[in-house]
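Take a look at the structure below. The report then walks through some of its parts.

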Amino acid sequence: MSDTNLKKTPLNKAHRELGGKMVDFGGWEMPVQYPAGVMGEHLRTRLNSGLFDVSHMGEFYVEGEDAIKFVDKLTTNDVGKLVDGQAHYSAFTYENGTVVDDLLVYRFDEGKLLLVVNAGTTEKDWDWVTSHVADENITLTNASADYCQIAVQGKDAIGIVRQLTDENLSEIKYYHFTVGKVDGVDAIISRTGYTGEDGFEIYANKDFAEQLWNKFLEVGRYGAENGILPCGLAARNTLRLESAMSLYGHEISDEITPLEANLDWICKLNTEFLGRDALVKLKEKGLTRKLVGFEMVDKGIARDGFDVYINDQKVGIVTSGSPAPFLKKNIGLAFVPIEFANLDQEIKIDVRGKHLTATIVPTPFYKREK
């Protein structure tokens, strides 16, 4: 796809002015990194704070008296358990139990929910959601083009966002949110993120994207020794991998079930959702493969798509792999047969023709101190 055909977030100009290296990411022109580099961005987020543009994500509103009933029908987690001002992680599944997409579900009240889906699957997800409307009394709105979404992540995030809002951020628990003003702009302030750190994701009208972005840089002391750093897709990926968070198209897809991907905790099989029966049967029959975390023993980096071997037999595949900047190790996630999915199990990974040794280890690889 040529640069002229790529979709652009409202912050495209800001990324270029900051020296962002722009790449094609699922049809979107996004910054993969800035002059500080992936290592610098990753470590600054772990130790202080990082700023991320996630305005390419999709947002669907589901409103009406059957809003909860409808979303419960399509998602694996139990929407009925949410309270006002709470969000949870969930998935859309096909009838065979594999994943359409993973998403966040936000509950404003019993008649208003917000679904936040992945950028590259937004159109597919919208078509899938709308195709399943039956006799429910709901209104669906695809608001994806209306929003900017900016994530402030890291231990300094609460202090940065606090300078721009009168909302009591300390009262917003993890995976909860409120509606208020940020730098005078109406916004959804959500204590969520994709880095394994504490932080906030701010949703606001796209017309205020540059105002908010620049203000976060200002109050976050961008340019100072430990100030906030703008972060690109590469650091976002290494941060989520250290925290063993799934990425659609890698750990989950239309060929992978959430049970195989260690996401049984978001599959409430006591509820009725599309794909539930297939997952029940899979659980009763028993999994044949499972997602595991591994750490390289031999010197080398196992990249996405590399083959996994045990006893000289190809048994699986690496779904995500890279250096872990904070942990100073080479790590990854891979699918292996269930009988080998044990801690300390030695595996071999084909790294450019060499079978390098790795060991299965607990996940997440990194877990922040509370």
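The sections below cover the model, a sheet and the cores.

## The model

This is a predicted model, where local features need pLDDT of at least 70, side-chain atom pairs count only at pLDDT 80 or more, and totals for chains, interfaces and linings use all residues. Residues are numbered from 1 along each chain as its sequence is written, and side-chain values use heavy atoms, with hydrogens and water left out.

Strands pair if DSSP finds at least two bridges between them.

β5 (residues 58–63) and β9 pair over 4 bridges. Valine 62 has leucine 140 of β9 as its bridge partner.

## The cores

A nonpolar core is a set of buried Ala, Val, Leu, Ile, Met, Phe, Trp, Tyr and Cys residues joined through side-chain atoms within 4.5 Å. Buried means under 20% relative accessible area (1.4 Å probe, protein chains only). The largest such core has 44 residues. Tyr106 and Ile188 have the most contacts inside it. β7 (99–109) is among its suppliers, and β7 gives the most, with 4 residues.

Apart from this core lies another, of 29 residues, including Val161 and Trp213.

Note on methods: Buried < 20%, exposed > 50% of the residue type's maximum accessible area, 1.4 Å probe, protein only. Helix = DSSP H or I, 4+ residues; strand = E, 2+ residues; numbered from the N terminus.
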